[in-house]
Amino acid sequence: MAGGAEEPHPVSGPGDVEVTPSRATDVGGVPVRRALPRRALRTVGAWCFVDHFGPVGPDAADAMQVGPHPHIGLQTVTWLLQGEVLHTDSLGSEQPIRPGQLNLMTAGRGVAHAESARAGTGGLHGVQLWVAQPDASRDGSPGFTHHPELPQVEVGTLRATVLVGGLAGATSPAAAATPLLGVDLEVGPARGDLPLEPEHEHAVVVLSGAVAIAGTVVEPGALAHLGTGRDELGLAAVGTEPARALLLGGRPLGERLLMWWNFVARTRGEVDEARDDWEAGHERYGRVASTLPRIPAPSTPWSS
Ligand code: MN
C-alpha cells in the first residue's frame, strides 16, 4: 500500500453511476489495477481494497512472487480467472488455489502469508480483495478457509458465482463479520437484471470485456460506484463478446479506517505497533514456511 500522487476526480454518468479510475501499480511482478481504496472512495460496504491483477500470459513463469508479509484487521479474498497461486501462511496452511475456488484468510490481531503463482498453469488473472474487520472482531484470532466449490445461480441472462454473501437464493459458505456481497458475473450481450439489497452500497469492477451499467460503459481499470438505495441492477456486455464483472456490496461500514501498507487499523499507534512487531519478528504473526524472502515493512510517513 502506498498513497497515489494524482487521483482524477470521479466522472458521474447517467443513473448516478460514478466511475472512478483504478490506480496502476505492480504486485510481485504482475501489473495491478487498484480500484480501492481511492481518495474519492475508501470503502464499499466493508470492502476496503480491490486489486485486479493480470491477465499475464503463460510465459510469465515467475509472475507474482510475494514473500512473507503481515496483515492485521482484515480478511483477504483471493479469486482467480486464470492460473494457479500457492498460499502459505503462519497458521500452517499450504493451499493451491485455482479458478472457481475461493481463499479467505482472516488476519484478526495478526497473521502472515506468502503467495506465489505456479508456472505452467495458464498465465495469471484474478483479484485480491480485502474486507475490513469490524471493531467487534478485529482483535480476534487469525484463520484460513479454502472453499473449493461455490454456489452458482442463473439470474436471467447472467450467470453468477457467489463468493461472499447471498444472491437470488444462493449463499456462499464463506463467512464475513458484516453483511457483505461479492459475486462474479458472466455477462452476455442481452441485458440481465439482478436484485439488490437497497440498504447496501454496491459497486462493479469489470474484469474482462466491457459492461453497460445504466447507460454508462465500464471497462477494466475502473470501479463503477452505485451507492445505496438501488433494488436492482441491469448489466449487459457491450459488443458481441461476453464480459466478466465483479459485483461488490454490503452494509456501509460506518467505521473510520486507517489503512497503511498491509494493515487495516484505526489509529497510528496501532499501525506503529503492528509495523514494529513485524520488524522485530514478534510471535503475533507466527512463521511462514516459504523460500521467498520476507518483505520488510517500510517506514510510516508520519515517523520521520
Ligand atoms: Mn497479503
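**Close-ups of a manganese site and a cavity**

**View 1. Three histidines hold the manganese ion.** In this predicted model, the manganese ion is coordinated by His69, His71 and His113, each through its NE2 atom, at 2.1 to 2.2 Å. Read along the chain, these donors follow the spacing H-x1-H-x41-H.

**View 2. His69 and His113 bring distant parts of the chain together.** Here we zoom in on two of the manganese donors, His69 and His113. His69 sits in strand 6 (residues 65-71), while His113 belongs to strand 11 (residues 111-117), and the two are 44 residues apart. Are they buried or exposed? His69 has 5% relative accessibility, so it counts as buried, the cut-off being under 20%. His113 comes in at 1%, and therefore counts as buried too.

**View 3. The second largest cavity and its lining.** The model has 2 cavities of 30 Å³ or more.

**View 4. Strands around the second largest cavity.** Which strands each supply at least two residues of this lining? They are strand 7 (74-82), strand 8 (85-89) and strand 10 (102-106).

Note on methods: Residues are numbered from 1 along each chain as its sequence is written. This is a predicted model: local features need pLDDT of at least 70, side-chain atom pairs count only at pLDDT 80 or more; totals for chains, interfaces and linings use all residues. Side-chain values use heavy atoms; hydrogens and water are left out. On a 1 Å grid over the protein atoms alone, a cavity is a set of points where a 1.4 Å probe fits but cannot get out, and a pocket is an open set with protein on both sides within 12 Å along at least five of seven lines; lining residues have an atom within 4 Å of a point. Grid points are joined across faces, edges and corners, and a volume is the space filled by probe spheres set on the points. Helices (H or I, at least four residues) and strands (E, at least two) are DSSP runs, numbered from the N terminus. Donors are N, O and S atoms within 2.8 Å of the metal (3.2 Å for Na, K and Ca); water is not among the atoms, so sites may look incomplete. Buried means under 20% relative accessible area, exposed over 50%, partly exposed in between (1.4 Å probe, protein chains only).
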